[in-house]
Amino acid sequence: MLHYTLRRLVAIIPVLFIVSIIVFMIIHLTPGNPAFLILGEDSSPEAVEQLEQQLGLDKPKVVQYVDWVGNIVTGDLGASIYSEQPVSEIIGERIGATFSLMVVAMLITLLIAIPTAIFIVWKRNTVMDPLFLSGSLLGTSIPEFWLALLLVLGLGVAIPIFPVAGYVPISEGIGDWLHHLLLPGLVLAFVEIGLIARMLRDSMLESLNQDYTKTARGKGVKESTVLVRHVLANALIPTTTVIGLTVAGLLGGTVIAETIFTIPGIGQLLIDSIHRRDYPVIQGVVLFIACVYVLVNLIVDLLYAFLDPRIRYD
Amino acid sequence: MLSRKRNLIPFVFLILLFVATITAEWWLPVSPSVMDSGLRLMAPSSENWFGTDHFGRDLFGQTIVAARVSLLVGFTVALLSTVLGTITGLLAGYYKRLDSIIMRIIDGMLAFPSLLLALALVAALGGSVTNIIIALTFSFWPVITRVVRSSVLQVKTIQYVEAAKTSGVKDPVILARYILPNILSPIIVQGTFIFARSILAEAALSFLGVGVEPSIPTWGNMLQESQIYITLAPWFSIFPGIFIVMTVLALNLLGDGLRDAFDPYAKGKKKARKRLFKQKKQYAS
């Protein structure tokens, strides 16, 4: 396990290198002079020059990159051009809302996807199975933001049970917190539910034919116990990898959910910063999300290897 | 492949949508660009099938015309990603030396959750149809590279490739004549899925206000504009969304159908299952 962990850790280095280059490039891909673009059309040459110095844009690109990476390693992501606040501080203020939203979405996903998969496998020889397959295909074809609009229309406006905007920190009461996050969480979870349930169904159907399942049946174990204790338990192992993918999907989708439901998380921050051309914040948020994603995938890989020792020797 | 009913329906839908949108000016009863302040946010009627928007423009016509950019973006991204992904995948799969370099870069690009890389690129380049196509191509071609590379690794060891190599056939010829034709099916299937995903991504970016210029009608832009009228005019939000869902679903069905059609093993399995079922029935009676 130690050997495998080290190998996985080493494999991350080139990935992070490429990630850092892509994020670094964001500001340099802008057409024309970035400083000019940030300050606007009627900026004075002195102001442009000053901002160039502040952002280090007057130095050669390689020097800029090395400086930039050096700062990041020490935790300095630069400062926002708009509010002059350090980027790491802004992300720190916003991450709570995003994290809350993702936890709620993840819980909704698992709470719906796992029972659905069990039910479909239980009723596998009925019309439920093809119905489920078409349903999950339809689910992946619905844009999240459109679903959000429909939910706002249905559950926020027509039958107002849920607030359609805003966020309440968990410190102000867990009920209120959850009440505000259920609708955006559902939107965020929607696509993932279909994917996870589908994945779980496939691996459960596979483990139905395994010897241990037959043995359990042969022993006279109840069908419901067979499904949960033997089939589901073994099918959950490959599903842990999908959870990594889910986190990725949620990280991408959080931008949309936060924007529609005006939740002050890092997704909304990213969109606002793109509109303001606040490049240090854009770079900081993109880098942060990519690093979280890489880290989650690493943890999932290690967990998978821990749960299923065969993986370690591949 | 298209003779199967399951593939035919989505295919016909996509062709109809394509023809309808490029010929819209000739057959639409109400011009989609005519503004009429007296007809603002009208509910669907026999005159305006999908109702009207906040400028009194006909929403049915706009929804049809908006398909142009959505289909253009989706198709171009699918085509470009497929070409780039195939080239890099062939190189990575065939030449061991290039493999580690190309795949490290691809892994780095795939380290961004979907939409995030596109958002980052749009933030740099600015929103326009061309830039959206560039941004989405960059987010999607690594997927094709991976698929192509793993297919090449499988095909490379088959004897006819080895035979061609030993008889002195040049590498480019081997790649183009012996390997590529054998890995086309997964490429086409993935290309279809990328077509679907780019339509969704373009709509999402435009909806977030960082996509195609607001003056150009796309489904995403329409939904972005409709957002503030959601309680006054829900039809404004509903119809463009239904068109996105139908188009993306058609592409996903087509991709699924093509995958089954290309996979003789899947077909064989289905037949085998049917045979087994028949036998069981006979046995039971």
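**Domains of chain A**

1. The C-alpha centres of domain 1 and domain 2 of chain A are 33 Å apart. Domain 1 of chain A covers 2-73 and domain 2 covers 95-307, with bounds from an automatic or database domain assignment. This is a predicted model, in which local features need pLDDT of at least 70 and side-chain atom pairs count only at pLDDT 80 or more, while totals for chains, interfaces and linings use all residues. Residues are numbered from 1 along each chain as its sequence is written, and chains are lettered from A in the order in which they are written.

2. In chain A, 13 residues of domain 1 are in contact with twelve residues of domain 2 (contact: C-beta atoms, placed from the backbone, within 7 Å). On the domain 1 side, α1 (2-28) and α2 (34-39) of chain A each give two or more residues (helices are DSSP runs of H or I, at least four residues, numbered from the N terminus). The most come from α1(A), with ten residues.

**Contact between the chains**

3. Chain B contributes 38 residues to the contact and chain A contributes 39 residues. On the side of chain B, α10(B) gives the most, with ten residues.

**B:His54**

4. B:His54 lies in the loop between α2 (24-27) and α3 (59-94) of chain B. B:His54 is partly exposed, because 16 other C-beta atoms lie within 10 Å (buried: 20 or more; exposed: 12 or fewer; partly exposed: in between; C-beta atoms placed from the backbone). B:Phe236 is 182 residues from B:His54 in sequence, yet their C-alpha atoms are 9.1 Å apart in space.

Methods:
Two residues are in contact if their C-beta atoms, placed from the backbone, lie within 7 Å.
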